[in-house]
Amino acid sequence: MRWTVPNILTLLRLIAAPAVPLMFLYFSRPWADWAALALFLVAAVTDWIDGYLARSWQQESRFGAAMDPIADKAMVVIAIVVITGYSGMNPWLILPATLILFREVFVSGLREFLGSNARLLKVTKLAKWKTTTQMVAISVLFLGTGLAYVEHGRPPRVGEPGLPFSLSWADLATQVGLLLVWIAAALTAWTGWDYFVKARPYLREPGHDA
């Protein structure tokens with residue numbers, strides 16, 4: 001591994017992934033929620049920065065190519081598990097979260113099976129949009145869990161600036177986050193199916209055409 005700035009940023013994202021649940025171990029709420037949100041946002045921003053720098057400075061490397069998607073998946077998977085636990089096991093969150101987790105395991109298994117042919121499953125533009133949507137959704141949901149803990153007594157209601165449908169700020173953030181998670185889950189399923197179609201020829205038994 002070369003100690004370039006893009007590789008260092010990727011490594012820091014790998015370290016940040018397991019640090020998200022640690023925020024809830026070492027900080028009281030809602031400070032844990034804000035810390036997890038800040039950590040996740042920084043990691044999401046560096047995801048774009050390290051790729052941009054690697055291309056601009058011609059510092060693309062095998063370490064970055066291998067670890068960058070792993071860091072993304074680790075951040076998303078760990079954050080979804082944490083949010084699901086702190087959201088009261090909301091089934092409207094569990095269902096898309098399950099789909100996202102299943103797809104990540106499924107595609108990782110396909111890549112491992114394909115070995116040297118795994119380049120067929122290179123990251124597509126749609127997959128990048130999927131990852132972006134996941135990260136935005138998770139950030140908004142962390143905002144919702146933090147606000148839900150803060151809002152005791154009388155939260156802001158309809159008639160106060162920017163709050164439609166009698167929603168508190170926590171409710172609004174949570175509903176928007178859930179909508180984004182479902183969009184991310186749909187993109188996740190779509191890209192997972194696309195990868196499966198590309199891998200199908202290599203899953204056939206020898207001597208069989210279908």
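1. The members are L22, L25, Y26, F27 and W31, and together they make about 630 Å² of nonpolar surface. Keep in mind that this is a predicted model.

2. Have a look at F27, one of the patch residues. You'll find F27 in the loop between α1 and α2. With a relative accessible area of 42%, F27 counts as partly exposed, because that label covers values between 20% and 50%.

3. Now the overall layout. The chain has 6 helices and 0 strands, so if you trace the sequence you simply read α-α-α-α-α-α.

4. Next, the inside. The largest nonpolar core holds 28 residues, and F24, M75, I138 and F142 have the most contacts within it. Two or more core residues come from each of α1 (5–26), α2 (31–56), α3 (62–86), α4 (91–114), α5 (125–150) and α6 (169–199). In soluble globular proteins, nonpolar side chains tend to be buried together.

5. M75 is worth a click. Leaving aside residues up to four places away in sequence, M75 touches R13, A16, A17, V20, F40 and A43.

6. Finally, some whole-chain numbers. Of the 210 residues, 40% are buried. Among contacts with a separation of 6 or more, 76% are between residues 24 or more positions apart. The chain exposes about 12200 Å², with carbon and sulfur atoms supplying 69% of that area.

Terms used: Residues are numbered from 1 along each chain as its sequence is written. This is a predicted model: local features need pLDDT of at least 70, side-chain atom pairs count only at pLDDT 80 or more; totals for chains, interfaces and linings use all residues. Side-chain values use heavy atoms; hydrogens and water are left out. A nonpolar core is a set of buried Ala, Val, Leu, Ile, Met, Phe, Trp, Tyr and Cys residues joined through side-chain atoms within 4.5 Å. Buried means under 20% relative accessible area, exposed over 50%, partly exposed in between (1.4 Å probe, protein chains only). Helices (H or I, at least four residues) and strands (E, at least two) are DSSP runs, numbered from the N terminus. Contact means heavy atoms within 4.5 Å. Patches are made of residues with over 30% relative accessible area and no salt bridge: like charges are joined within 9 Å, nonpolar side chains (Val, Leu, Ile, Met, Phe, Trp, Tyr) within 5 Å. Accessible areas come from the Shrake-Rupley method with a 1.4 Å probe; for residues, only the protein chains shown count as cover. A salt bridge is a side-chain nitrogen of Lys or Arg within 4 Å of a carboxyl oxygen of Asp or Glu.
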